[in-house]
Amino acid sequence: IQADGTDGNCVTFVLHDEDHTLGNSLRYMVMKNPDVEFCGYCITHPSESKINFRIQTRGALPAVEPFRKGLNDLMAVCQHVLSTFERSMKEYRAQR
Amino acid sequence: MAALRGADEMRDRVVLGEFGVRNVHTTDFPGNYPGYDDAWDQRRFEETFRVDVIREEGDSLEFDMVGIDAAIANAFRRILLAEVPTMAVEKVFVYNNTSIVQDEILAHRLGLIPIRADPRLFEYRNPGDQEGTEIDTLQFQLKIKCSRNPQAAKESSDPDELYCNHKVYSKHMTWVPLGNQTDLFPDADFRPVHDDILIALLRPGQEIDVLMHCVKGIGKDHAKFSPVATASYRLLPDITLLKPVEDEAAEALQKCFSPGVIEIQNIKGKKVARVANARLDTFSREVFRHEGLKNLVRLARVRNHYIFSVESTGILPPDVLVSEAIKILMGKCQRFLSELDSVPME
């Protein structure tokens, strides 16, 4: 993971060993943040597995914050999905 | 059901027009729609999200996820296909192969056989390690020789009678424990998932004697490591009749859709069409080929209702695979979070 950008508000992270799987879902979570002015990701070349993930915030918020919040939100979503799925499987098996 | 207001429709439904699909991308981000609060709210997500298991039979599982977005549903699908680890044959040591199947073809076929071994009990092999230790390798042996059957009738030409062991099946693969694996896995029985996979054909005098090493890998590396036969999802169809449809038009409409989608009711002597079960439809868009019918229906899909269908190869049950896929996505996030915290950003 590397970051570069002129000021703290607009940063491009380079995430290694990642592709659309994490890129698209993380982009969705970061876009849901009202402080983010721009969020996008792209795959520099299909033969290399790294993505450029760019976040631009409005105001003086450092761009690492929405990135961190997006990751945390995605973790929370996955946790909830996992618990809901396991609960539904148990209920399905119980009533069969 | 009346058609939704314009903005609602754009947010919730993907509409299938005659010549194209509209409203494909998710647009419910904060700031896009005045009057809607679209910022991420974990509590609101938890209230609207649900999972319904529809069917579970053996190796295939069909379940619905409602209230989630395409990006995350697709991430689960991609992880199920390519990043859930399994064990498969990686290295084949050929001691003797006098059969007609070439060594490399035989090795390729052996690699594709699904092995019933829980990959969570094993570690990944260290890169550069040629030998393999007992914590990351499973050893199998295939040793078989074809011979002529002395009890065969004189004139028969049936190979099953004339020769014995002429068909090499996956049931002939035997597990050879390495090191302390007999103690680590006392009641485990590692073998291929299916016993009747035909590996090669032999004739008298030919024999195959190979030793195989299985390692843990992911589908991204080679498709033999993929744990699912396939994992796919589709969006829930939503068919709305814009005007009441009667008599012959109703019959014609029923024929345009998959059976069971449109049912005809007899109201006051007239036949009226009604959408019975939109879920069964496969959206062949047959309606658009009939001039009289195409303006009577609106074909759409509900944007956040995903019907997942996961079929496992038998290594792990499909619900375990889905749980593992979700855990892997969490692991990826965790990895970046810990990297963020450890490396100071300049």
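Guide: Some terms to start. Two strands pair if DSSP finds at least two bridges between them. Strands (E, at least two residues) and helices (H or I, at least four) are DSSP runs, numbered from the N terminus. This is a predicted model: local features need pLDDT of at least 70, side-chain atom pairs count only at pLDDT 80 or more, and totals for chains, interfaces and linings use all residues. Residues are numbered from 1 along each chain as its sequence is written, chains are lettered from A and ligands numbered from 1 in the order written, and side-chain values use heavy atoms, without hydrogens and water.

Visitor: OK, how many bridges join strand 7 and strand 11 of chain B?
Guide: Three, with strand 7 (residues 138-145) running antiparallel to strand 11. There, B:Leu142 sits opposite B:Met173 of strand 11.

Visitor: And what order do the four strands of the open sheet take?
Guide: In chain B the order is 5-14-7-11, with antiparallel pairing. Strand 5 (86-97) and strand 11 (173-175) of chain B each have a single partner strand, so one side of each lacks a neighbour in the sheet.

Visitor: New topic. What volume does the largest cavity have?
Guide: About 40 Å³. A cavity is a set of points, on a 1 Å grid over the protein atoms alone, where a 1.4 Å probe fits but cannot get out; lining residues have an atom within 4 Å of a point. Volume is the space filled by probe spheres set on the points, which are joined across faces, edges and corners.

Visitor: Which helix gives the most to its lining?
Guide: Helix 8 of chain B, with three residues. The lining includes B:Phe308 and B:Val322.

Note on methods. 1 Å grid on protein atoms, 1.4 Å probe; cavity = no way out; pocket = protein on both sides within 12 Å on 5 of 7 lines; lining within 4 Å.
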